[in-house]
Amino acid sequence: MSHNATNTSEDGKQGRGLSVRWVLHSPLALPLIGLIVVSILMGFASENFFSVGNIMNVLRQVSIVAILAVGMTFVILTGGIDLSVGAVMTLSGTIAAGLMVNMGLPGWVGLLAGLGVGVGLGIFNGIMVAWGRMPAIIVTLATMGIARGLGLLYSGGYPISGIPSWISWFGIGRIGIVPVPVIAMVVVYALAWVLLQRTPFGRHVYAIGGNELAAKLSGVKTQMVKLTVYAISGLTSAFAALILTGRLMSGQPNAGVGFELDAIAAVVLGGTAIAGGRGLILGTLIGAVLLGILNNGLNLMGINPYLQDVIKGLIILLAIYIGREW
């Protein structure tokens with residue numbers, strides 16, 4: 001009896017030890033805690049916060065940033081950064097709308113062209129970073145300016161409206177009670193999870209972020225992996241453009257301003273190390289939802305939009321500060 005009691009006590013201590021270690025070291029622990037705490041606070045602030053309709057509305061609002069953050073996660077896991085995601089999204093949507101409206105091409109052709117623009121710019125970033133050996137922050141900052149300028153030149157600085165009505169389904173459609181953007185977001189995250197957790201490519205992404213030289217010496221084709229992650233970032237940016245274009249029913253040359261900050265914030269809040277090598281795609285999803293709830297709450301409280309940017313910037317710094325130790 002005494003022996004069993006001792007074992008039970010030791011098992012209990014071991015279980016508590018595992019729980020404590022998980023809370024302290026899991027990349028998902030702090031994001032989950034933050035999401036739960038903020039959700040509870042919002043629940044007290046608004047009695048309708050936990051209603052199905054409001055939850056679906058919040059998820060719909062965060063879907064675009066969440067999809068942008070998928071590509072950003074791949075890039076950051078390798079130790080890079082992509083400041084061009086918002087501008088690439090804008091250019092992709094503007095080109096797609098222009099081909100439909102100004103050139104009279106079928107909607108599906110415009111959408112495919114928009115996706116091609118995103119992937120093309122992502123490949124350009126990857127080539128400059130991997131083979132040009134240029135700092136990612138400089139390359140993608142330049143691409144941000146190029147993409148934004150091209151979008152304004154192509155559109156003349158005005159929205160391009162008159163796209164086919166069926167495209168609105170991607171932005172405001174529903175399947176049952178679930179908005180189409182939310183379903184698209186879940187599908188993108190599921191594919192990203194498989195790619196990162198169940199393929200050699202995913203292991204190579206983590207290896208490069210952990211120690212690029214060691215990864216290269218072990219046979220990883222580091223340049224091709226880098227090229228691929230930036231191409232993925234361009235693809236997710238263009239896919240987000242599809243949803244945004246459907247929501248706005250036009251190509252907006254200024255629609256993506258500031259989205260890169262939100263995408264980075266979602267990744268960092270989700271527990272991904274800004275230096276690369278550690279993080280989970282599920283954490284990015286949690287970070288995006290957390291950011292969406294924060295935005296929703298700040299709006300409900302009537303916080304000045306400019307002050308909201310300050311608050312989000314401080315939150316990013318805090319998340320990086322906390323995450324650097326784990």
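Begin by selecting helix α5, residues 107-130; helices (H or I, at least four residues) and strands (E, at least two) are DSSP runs, numbered from the N terminus. Its buried residues are Gly107, Gly110, Leu111, Gly114, Gly118, Leu121, Gly122, Asn125, Gly126, Val129 and Ala130, where buried means under 20% relative accessible area, exposed over 50%, and partly exposed in between (1.4 Å probe, protein chains only). The model is predicted: local features need pLDDT of at least 70 and side-chain atom pairs count only at pLDDT 80 or more, while totals for chains, interfaces and linings use all residues. Residues are numbered from 1 along each chain as its sequence is written, and side-chain values use heavy atoms, with hydrogens and water left out.

Helix α5 has 24 residues and reaches 35 Å from its first C-alpha to its last, close to the 34 Å expected at 1.5 Å a residue; the expected span is 1.5 Å times one less than the number of residues. Now display what covers its buried residues, which includes α4, α6 (136-155), α7 (168-172) and α11.

Next, select α4 (residues 85-101) together with α11 (residues 222-248). The two helices pack at an angle of about 55 degrees, with their axes 8 Å apart. Axes are lines fitted to C-alpha atoms, for helices over the stretch in contact, and angles run from 0 to 180 degrees between N-to-C directions. This arrangement makes α4 oblique to α11; angles under 35 degrees count as roughly parallel, over 145 as roughly antiparallel, 65 to 115 as roughly perpendicular and the rest as oblique. The crossing of α4 and α11 is right-handed; a crossing has this hand if the near helix is turned clockwise from the far one by less than a right angle, and is left-handed if anticlockwise.

To view the contact (heavy atoms within 4.5 Å), show Val85, Val88, Met89, Ser92 and Gly93 in α4, which meet Ser233, Gly234, Ser237, Ala238, Ala240, Ala241, Leu244 and Thr245 in α11. The residues of this contact divide into seven nonpolar, six polar and no charged. Here Ala, Val, Leu, Ile, Met, Phe, Trp, Tyr, Cys and Pro count as nonpolar, Asp, Glu, Lys and Arg as charged, and the others, Gly among them, as polar.

Proceed to α3 (residues 52-77) and α8 (residues 180-197), whose axes come within 8 Å and cross at roughly 25 degrees. These helices are therefore roughly parallel to each other, and α3 passes α8 in a left-handed crossing. The contact of α3 with α8 comprises 17 nonpolar residues, one polar and one charged. Among the α3 residues that meet α8 are Arg60, Ser63 and Ala69, and those of α8 include Tyr189.

From there, select Thr284 in helix α13 (residues 281-300). Thr284 is buried, at 0% relative accessibility. Its contacts, not counting residues up to four places away in sequence, are Ala69, Thr73, Tyr189, Ala266, Val267, Gly270 and Thr272.

Move to Gly270, in the loop between α12 (259-269) and α13, which is likewise buried at 0% relative accessibility.

Finish with two loop residues. Arg133, between α5 and α6, has a positive phi near 55 degrees although it is a residue other than glycine, and it is exposed at 62% relative accessible area. Met249, between α11 and β4 (250-251), has a positive phi of about 55 degrees and is partly exposed at 25% relative accessibility.
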